[in-house]
Amino acid sequence: MERILILTGAGISAESGLATFRGPDGLWEGHRVEDVATPEAFARDPALVQAFYDARRARLDEVQPNAAHRALARLDREWPGELLIVTQNVDDLHERAGARRVLHMHGELRSAWCLACDARTAWRDGLSSGPACPACGKAGALRPDIVWFGEMPYGMERIEAALREADLFVSIGTSGAVYPAAGFVQTARYAGARTLEINLEPSLGSVWFDEVRTGPAGKLVPGWVEEVLGE
C-alpha cells in the first residue's frame, strides 16, 4: 500500500476566497510582511499584529471548504494506507471538510499560544482585548499560534520522516518559494518517491516533479483523488 504525503499551500484556500500569502504588490492584505508576521513586529506593535490576525480569524466564518478540500478529506477517509496532509495554511478548511490526518506546519488561526505558560488553546474570538489564558489565568499573554518568519515550523521531525518514507509526494497550490516547504519535493524525490505538482501554474520548483498538472485545484484534485482510489 502506497504511503502518500500531500503538501498544500495558499492556492488551495484561495479558491474559497482567502487571500494568498503575498499579493503582486508585495503586500499581505495591505500590510508589509515585516509589520505583521515576525516576532519583532509583535514586540514593536502588538496591537497591530493582534488586530491583523483577529480580522483573519473572523474571516474564516465567511468562507467554506471547496471541492479540493472535500476531495482530500475523502482521500483521508477512504485511503487505507499511510497518509499525511501537511499544510502551510493557517485556516481550518481541511478539517471543516472532514480531513483528520492534517499537520499545520505554520500554525493555526484558531489556536492561541500563551507566552506565560506555553499552553496552546483552541480559540475562535479576538485576542486584541488581552483575554486571560484558560490554562494559567494570566491576562494579555496570548498571541496567535502562528509560525512567523524567523520561527521554526511545527512538526518538522515528523514531516521529514514522512518525506523519507513516502512513495508518492503531491504538492497542491504552493508557490515553491517559501522554505523549508519548497525543499520537500527534493527530499522526497531523493528518497525514491514519485512526485506530482497540482498548481494553477508551474511553481518555482516544478522542475523537480515527475508530473505537473496545471489548473484550478477545485477541478484537478477531485479527479486525481478518483484516480488514486481506483475509480
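In β8, valine 170 has leucine 196 as its bridge partner. This is a predicted model, where local features need pLDDT of at least 70, side-chain atom pairs count only at pLDDT 80 or more, and totals for chains, interfaces and linings use all residues. Residues are numbered from 1 along each chain as its sequence is written, and side-chain values use heavy atoms, without hydrogens or water.

Stay with β7, residues 168–172. Strands here are DSSP runs of E, at least two residues; helices are H or I, at least four; both are numbered from the N terminus. β7 pairs in the parallel sense with β8 (residues 194–199), over five bridges. Pairing takes at least two DSSP bridges. β1 (residues 4–8) also pairs with β7 in the parallel sense, over five bridges. There, leucine 7 has serine 171 as its partner.

Is β7 covered or open? Mostly covered: five of its five residues are buried. Buried is under 20% relative accessible area, exposed over 50%, partly exposed in between, with a 1.4 Å probe and protein chains only. Leu168, Val170 and Ile172 point one way; Phe169 and Ser171 point the other.

Next, glutamine 88. Glutamine 88 sits in the loop between β2 (83–87) and α6 (93–97). Its relative accessibility is 16%, so it counts as buried. Leaving out residues up to four places away in sequence, glutamine 88 touches, among others, Leu7, Met105 and Val178. Contact is heavy atoms within 4.5 Å.
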